[in-house]
Amino acid sequence: MNATSTFEQPSDAGDKAWLKVLSKYRNPHAGRSTFELAVTAVPFAILWAGAWAAVHYGLWYGLILVIPAAAFLLRLFAIQHDCGHGSFFARRRIDDWTGRAIGVLTLTPYDYWRRAHAQHHATAGNLDERGVGDITTLTVAEYNAQSWWGRLGYRLYRHPLVMFGIGPVWVFLLKQRLPFGMMRSGPVPWISTMATNLAVAVIAALLIWAVGIVPFLLVHLPIVLLAGAAGVWLFYIQHQFEDTHWSKPPEWQFQHAAMHGASHYDLPLVLRWLTGNIGIHHVHHLSSRVPYYRLPEVLRDHPELGNVSRITLLDSLRCVKLVLWDEKTHRLVSFREARRQRAL
C-alpha cells in the first residue's frame with residue numbers, strides 16, 4: 001500500500017503547528033460557495049427530472065441517469081458536511097439552514113448529524129472514545145474476548161455486503177429517522193429528526209402526487225441508496241486503512257491522530273470534484289473549518305502533506321479486509337492475520 005506508516009512520517013510534516021498554518025485557509029468566499037451550491041443542486045434536479053422522464057415515456061435505458069444523479073446527491077452531502085462545520089458560508093445561520101434544506105434531500109437530520117459528527121472529529125483515533133459517529137472497530141484482544149455469537153455478529157457487521165449494501169439502507173432509510181445515540185440528549189436531536197422526517201414526507205407526497213408512486217420509487221430510491229453506499233464507502237476509507245492511527249491517552253494527541261488517523265484518498269480529478277475533495281481528509285481533520293474547495297490549495301502550498309496517509313483508488317479496494325486494530329503492531333489487520341497471530 002502507499003499509505004505511509006505513522007512511524008515513518010517526515011518530521012517537517014509531523015512537527016509543524018498545522019492548526020496555525022491552516023488558519024489562513026479557513027475563510028470561504030461567498031460567491032464561490034454560492035456557485036458550488038448552484039452547480040451541484042441544479043444538475044441534480046435536471047438529472048432527477050431526466051430519469052423520471054425516461055420512466056414516464058418508457059425509455060428505460062434513461063434510468064442510467066440515476067447514477068450521475070446519485071453522484072450529485074453525494075456532492076450535496078459534501079456541502080451539507082461543510083455547513084455542519086460552519087465552513088461553507090462561515091455564517092452560522094446561513095450554513096445551518098442550507099444544511100437543513102440539503103438534509104431533507106440526503107435524508108440526514110442536520111442538527112442531529114452535526115452533533116454526532118462533531119464528536120467524531122473530537123475523538124477520532126482515540127481508543128477510549130469509540131462509539132459515536134464512527135464505524136465500529138474492535139481491537140484484536142477485544143475480538144478474541146467476544147463470545148462465539150459476538151464474533152459472528154462483528155464478522156457480519158464488517159462483511160462488505162452488509163457494510164456497503166445493507167448499511168446504507170439501515171442508516172439513511174431507518175436509523176436516521178430517530179435520534180439513536182442521543183435519545184436523552186435534549187430536544188434538539190428530536191426536533192431535528194422529526195422536522196426532517198416531516199419535510200421528507202411532505203416533499204415525497206408532493207412528488208408522488210405529481211409523478212406517481214412507481215416512477216418516484218424507481219427514480220428516487222436508487223439515487224438515495226447509490227449515494228448512501230458511496231458515502232459509507234468514503235467514510236470507511238477515510239479511517240479504515242492499514243496504517244491508520246488509534247491510541248489511548250496520553251499517547252493520543254489531536255494533531256497526530258488527525259494527520260495519521262485520517263487518509264489522503266488520492267482520487268482521480270473527476271471523482272475528487274464529485275466528492276467535494278473529502279478525500280483530503282487528513283487536512284480536513286486538522287482544520288475542519290477549511291472549506292472543501294480550498295483543501296487543494298493546502299496541498300499545493302504544503303506538498304509535504306501530499307504523501308501523508310496517502311492511499312490510491314487501487315489501495316482502497318484492499319482495505320475492505322482490514323477489520324481489527326492490532327495494538328501490538330499499530331495497524332489494522334484482517335481476520336485471517338489476527339487468527340494466525342493468535343495461533344503463534
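Does Cys83 count as buried or exposed, and at what relative accessibility? At 0% relative accessibility, Cys83 counts as buried, where buried denotes under 20% relative accessible area, exposed over 50%, and partly exposed the range in between (1.4 Å probe, protein chains only). Cys319 is likewise buried, with a relative accessible area of 0%. A search of the whole structure returned 0 disulfides, a disulfide being a pair of cysteine sulfur atoms within 2.5 Å.

The structure is a predicted model, in which local features need pLDDT of at least 70 and side-chain atom pairs count only at pLDDT 80 or more, while totals for chains, interfaces and linings use all residues. Residues are numbered from 1 along each chain as its sequence is written, and side-chain values use heavy atoms, with hydrogens and water left out.

The largest nonpolar core contains 43 residues, of which Leu22, Phe44, Leu73, Phe88, Ile223, Val283 and Leu305 touch the most other members. Such a core is a set of buried Ala, Val, Leu, Ile, Met, Phe, Trp, Tyr and Cys residues joined through side-chain atoms within 4.5 Å. Two or more residues of this core are supplied by each of several elements, including helix H2 (18–22), H3, helix H4 (66–84) and helix H11 (213–239). Helices (H or I, at least four residues) and strands (E, at least two) are DSSP runs numbered from the N terminus. H4 gives the most to this core, with 9 residues. Ile223 is in contact with Phe44, Trp48, Val66, Ala69, Ala70 and Leu73, residues up to four places away in sequence not being counted; contact requires heavy atoms within 4.5 Å. A second, separate core of 17 residues includes Met163, Phe164, Trp233 and Ile237.

Charged pairs were examined next. The whole structure holds 13 salt bridges, each defined by a side-chain nitrogen of Lys or Arg within 4 Å of a carboxyl oxygen of Asp or Glu. Glu36 pairs with Arg32, the closest N and O atoms being 2.8 Å apart. Both residues lie in helix H3 (residues 30–56), 4 residues apart, about one turn of the helix. Glu36 is buried at 3% relative accessibility, whereas Arg32 is partly exposed at 36%. A network of salt bridges links Arg32, Glu36 and Arg75.

Within helix H6 (residues 110–123), Arg114 and Asp111 stand 3 residues apart, about one turn of the helix, and their side chains meet in a salt bridge (3.7 Å, N to O). Arg114 is partly exposed at 26% relative accessibility, while Asp111 is buried at 12%. Arg310 forms a salt bridge with Asp266, with 2.8 Å between the closest N and O atoms. This pair links distant parts of the chain, joining Arg310 of strand S3 (residues 310–312) to Asp266 of strand S2 (residues 264–266), 44 residues apart. Asp266 is partly exposed, at 24% relative accessibility.

On the surface, Ile166, Trp170, Leu174, Leu178, Phe180, Met183, Trp190 and Met194 form a nonpolar patch with about 720 Å² of accessible area together. Helix H9 (160–174) and helix H10 (187–211) are the elements that give two or more residues to the patch, and H9 accounts for the largest share, 3 residues. Patches are made of residues with over 30% relative accessible area and no salt bridge, like charges being joined within 9 Å and nonpolar side chains (Val, Leu, Ile, Met, Phe, Trp, Tyr) within 5 Å. Accessible areas come from the Shrake-Rupley method with a 1.4 Å probe; for residues, only the protein chains shown count as cover. Met194 is found in helix H10 and is partly exposed, with a relative accessible area of 36%.
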